[in-house]
Amino acid sequence: MLETNAIFGDPKQILLALSGQHHLPELLPAAVRLLAQRSTIALARIWLLRPPLHGDCGKCALADECHQRDRCLHLVTSYGNSATDEQEHWTRADGKFRRFPQGGRKIGRIASTGESMLINTLQEGHEWIVSPEWIHRQQIVALAGLPLVYRGETLGVLAIFAREPIEQSCQEWLHMIADHLAAAIANARAIEEIEELKSHLELENEYLREEVAGTAFGDLVGRSPALDTIAQQINLVAPTESSVLILGESGTGKEVVARELHRRSSRRDRPLIKVNCAAIPRELYESEFFGHSKGSFTGALRDRAGRFELADGGTLFLDEIGEIPLDLQAKLLRVLQEGELERIGEERTRKVNVRIIAATNRELRQEALEGRFRQDLYYRLSVFPIEVPPLRDRLEDVGLLAEHFLARYSRQLGRAELRLTLGNVKQLQEYDWPGNVRELQHVIERAAIVASNGRLTFDLPKPARTGSRSPKHASKREGANSSEPIYTMAEMRDREADNIRRALEHSDGKVYGKNGAAARLGVKPTTLASRIKSLGIR
Ligand SMILES: Nc1ncnc2c1ncn2[C@@H]1O[C@H](COP(=O)(O)OP(=O)(O)OP(=O)(O)O)[C@@H](O)[C@H]1O
């Protein structure tokens, strides 16, 4: 039998070269190259124990022998020398033995028992050798298999096929190499985990800072029967795991309802992550939702967790859910059904446990019926719908909300003398609030800023209601004559944007052509395109 240095080369040199390497992607290939640098070694390979990649098991030739599907051995690096062609080196890690089940075949058994194996009689033939012809042709006589164990946990297997018998002292030296590799693997994993946690925390912090800055009021204010009903519904559904769909016009308080739901749920100590589906550029949806790995597309400069992962254990609030493109709706449905996702550019499947609260100001049911929103997703989301009525249908709340906002702004502005009069409230109740609570909030803020001598005045269009409360306030307005309201320029822009959106919806998003939105609006397509851009319509 030959000494270690006759088989592998100078063992000290190899150990020294490896001890300087700690970065896994370099260390493992370097290890197999150094171990198989001499022609006495036919092949050196390393498998690591990992969860199967998405769809892996279906393609695996050894699937029938695999009884522990949570993890299997993945061949990660390989280096070898052909006996028949000096120039040929085996570096591929994608061949027949790229996966071994734990406990399956010789290599799998090393992983499951944590015990090494040394066989010096391969030429005599063993029934488990898959290709005896290869063993003979390549003059292989020995197999040394060593578990890569760190602190009692087996992380993988190192295997050496040699053309000389391997003696015991040589096997002991291989143990040292295996121990060094195992420590480096554990180290690299710990660093990866820390990096992941760090970037997760950074993202969460960034997100929370934005959220705190953006949320002025957290609780639902109001005592109308409509709000009572909403409060009861929140109490009923918050402690469950059901998805909730919040319906209502823009600015009615859907987000406040979502926050209350989260606060009263068992997930309250985990994050509530909000995604405004209308604000995401189409090409970034998938990355925003599911995350991406570094380099998976131009601009993906680092690994990034998606909103689903950020919300893991908590609640994901999908605002303006109706804006999600149809192709992404299918992917979203899969995550909701299976609780599994893959980041873009990554094969690894990740599990997430997220409760969904969605909100929309669109007629989602109608859109689902007309095929503009997936019906299966709609039914999945609308297990428990909560409808938030427009402010004009709950005038009882106007005074309370106005008081609530005034208290906030007078404190912020240091103007404790500001008071609402009954006359103020009456004037506010006469307006029909197309922008709902958000508009009321802005009106109060403006009034608080411009108030003089403690008196509030509201810059409101003339009352538009014709007696009855109706959600179709816009069409009622059309019938009005002398009491025709005056819109601010900002409101006019909003109305124009809504009108263009409607035209686009009716034209399936087409601007040009006979049935395009430009034709419907009676303008040139180029004019419409430039209005779409300047109004920020997507
Ligand atoms: N009942 C309420 N009590 C206190 N504040 C409220 C209430 N309803 C709405 N608000 C406030 O009005 C503003 C708009 O509410 P919110 O963002 O929840 O509306 P929304 O329906 O989600 O709007 P959008 O559809 O445009 O996203 C927020 O500042 C919110 O705090």
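**Helix 8 and its packing**

Helix 8 spans residues 225-237 and has 13 residues. From first C-alpha to last, helix 8 reaches 18 Å, close to the 18 Å expected at 1.5 Å a residue. The expected span is 1.5 Å times one less than the number of residues. Helices (H or I, at least four residues) and strands (E, at least two) are DSSP runs, numbered from the N terminus.

The model is predicted: local features need pLDDT of at least 70, side-chain atom pairs count only at pLDDT 80 or more, and totals for chains, interfaces and linings use all residues. Residues are numbered from 1 along each chain as its sequence is written.

First, the two faces. L227, I230 and V237 of helix 8 are buried. Seen down the axis, the buried residues of helix 8 fall within an arc of 100°, so they line one face of the helix. That arc is taken over the directions from the helix axis to the C-beta atoms. Turned away from the buried side are the exposed residues P225, D228, Q232, N235 and L236. A residue is buried if 20 or more other C-beta atoms lie within 10 Å of its own, exposed if 12 or fewer, and partly exposed in between, with C-beta atoms placed from the backbone.

Next, the cover. The buried residues of helix 8 are covered by elements including strand 7 (244-247), helix 9 (254-263), strand 15 (384-387) and helix 15 (396-413).

Two packed helices are described by the angle between their axes and the distance between the axes. The axes of helix 8 and helix 9 come within 9 Å and cross at roughly 35°. Axes are lines fitted to C-alpha atoms, for helices over the stretch in contact, and angles run from 0 to 180 degrees between N-to-C directions.

Residues are in contact if their C-beta atoms, placed from the backbone, lie within 7 Å. The contact residues divide into five nonpolar, no polar and one charged. Ala, Val, Leu, Ile, Met, Phe, Trp, Tyr, Cys and Pro count as nonpolar, Asp, Glu, Lys and Arg as charged, and the others, Gly among them, as polar.

Finally, the setting. The protein chain has 21 helices and 15 strands. Buried residues make up 31% of its 538 residues.

Technical notes:
Two residues are in contact if their C-beta atoms, placed from the backbone, lie within 7 Å.
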